[in-house]
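The exercises below are to be worked with the sequence and the coordinates side by side.

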Amino acid sequence: MTDGAPARSWQFEIRPAGPDDRLGMARVHVATWKSTYRGMVPEERLDALTVEGDIASGFGRWLTDPPPDRAYRVAHLSDGTIVGFAVGGPNRYPEDDFSGELGAIYVLQDHQGHGIGSALVGHIARHLLATGRPDMIVWVIAQNPYRRFYEKLGGVLVRERVAESRIAGGSLRERGYGWRDLTALARR
Ligand SMILES: CC(C)(COP(=O)(O)OP(=O)(O)OC[C@H]1O[C@@H](n2cnc3c(N)ncnc32)[C@H](O)[C@@H]1OP(=O)(O)O)[C@@H](O)C(=O)NCCC(=O)NCCS
């Protein structure tokens with residue numbers, strides 16, 4: 001910014017994440033869990049989430065030593081603040097019959113609705129296509145109203161399941177949204 005005004009949320013860039021991004025990503029992850037999952041995940045589990053615990057349980061390890069073909073992308077403002085991230089790669093559940101998976105996507109509540117999420121999905125779609133995966137699935141908690149985001153992007157409800165969630169501390173009903181051809185998403 002040239003006039004000293006705070007960065008506007010829709011002026012963002014997306015880049016690959018590295019180990020130094022774990023704090024920014026964990027902040028986004030914990031904040032969006034708390035702002036999204038009230039009423040879907042037990043309150044005490046949400047209240048117990050901390051940035052430090054989040055780094056220790058996942059991001060630190062993943063970003064330092066990422067699994068093969070897994071892509072991590074962060075969305076940041078001009079001052080470097082991370083406001084969103086997405087993870088995608090080979091499907092962790094190959095029985096689903098989709099080769100690629102959008103494993104996680106989160107945008108801070110104050111920055112939602114300005115195209116950051118769809119731009120992040122575009123980056124993951126391009127990565128999947130570039131690594132030989134023409135299709136993709138994503139799992140979302142069945143009651144999560146943000147599943148409409150996937151419908152807006154052309155995802156089709158293909159599965160339902162009950163899955164264990166480490167963070168939620170129990171089982172959750174989830175819906176799987178699929179894209180059989182990522183070409184259109186990759187143009188976003
Ligand atoms: C879901 C999420 C990643 C979307 O990111 P975003 O930056 O807000 O999305 P965008 O601004 O790119 O929206 C893309 C389109 O989806 C629509 N959309 C997004 N959220 C929606 C919702 N809850 N209901 C209906 N439509 C929605 C937008 O209106 C937009 O439509 P348009 O292209 O016609 O304008 C983000 O809102 C988020 O982090 N939500 C909370 C966490 C979460 O549920 N993550 C998914 C876990 S599986």
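A residue is buried if 20 or more other C-beta atoms lie within 10 Å of its own, exposed if 12 or fewer, and partly exposed in between, the C-beta atoms being placed from the backbone. The model is predicted, so local features need pLDDT of at least 70 and side-chain atom pairs count only at pLDDT 80 or more, while totals for chains, interfaces and linings use all residues. Residues are numbered from 1 along each chain as its sequence is written.

**Exercise 1. Determine which residues of H4 are buried, and how far H4 reaches.**

Helices (H or I, at least four residues) and strands (E, at least two) are DSSP runs, numbered from the N terminus. Applying the burial criterion to H4 gives Ile116, Gly117, Leu120, Val121, Gly122, His123, Ile124, Ala125, His127 and Leu128. The expected span of a helix is 1.5 Å times one less than its number of residues; H4, with 15 residues, reaches 21 Å from its first C-alpha to its last, close to the 21 Å expected. After H4 comes Gly132, whose phi is positive, near 80°.

**Exercise 2. Describe the order of the elements and the overall dimensions of the chain.**

The chain holds six helices and seven strands, which run β-α-α-α-β-β-β-α-β-α-β-β-α from the N terminus on. The radius of gyration, taken over C-alpha atoms, is compared with a globule rule of 2.2 Å times the number of residues to the power 0.38. The value for the chain is 16 Å, close to the 16 Å that the rule gives for 188 residues, so the chain is as compact as a globular protein of that length. Along the principal axes, the C-alpha atoms fill a box of roughly 50 × 40 × 30 Å, and 35% of the 188 residues count as buried.

**Exercise 3. Which residues of the largest nonpolar core touch the most other members?**

A nonpolar core is a set of buried Ala, Val, Leu, Ile, Met, Phe, Trp, Tyr and Cys residues joined through C-beta atoms within 7 Å. The largest such core has 37 residues, of which Phe85, Ala86, Val121, Ile124, Met136 and Val138 touch the most other members. Elements giving two or more residues to this core include H1, S2 (71-77), S3 (82-90) and S7 (170-179), and H4 supplies the largest share, six residues.

**Exercise 4. Is Tyr177 buried or exposed, and which residues is Tyr177 in contact with?**

Tyr177 lies in strand S7 and counts as buried, because it has 21 C-beta neighbours inside 10 Å. Two residues are in contact if their C-beta atoms, placed from the backbone, lie within 7 Å. Leaving aside neighbours within four places in sequence, the contacts of Tyr177 include Val138, Tyr150, Gly155 and Val158. Seen from Val138, with residues up to four places away not counted, the residues touched are Glu101, Leu102, Tyr150, Gly155 and Tyr177.
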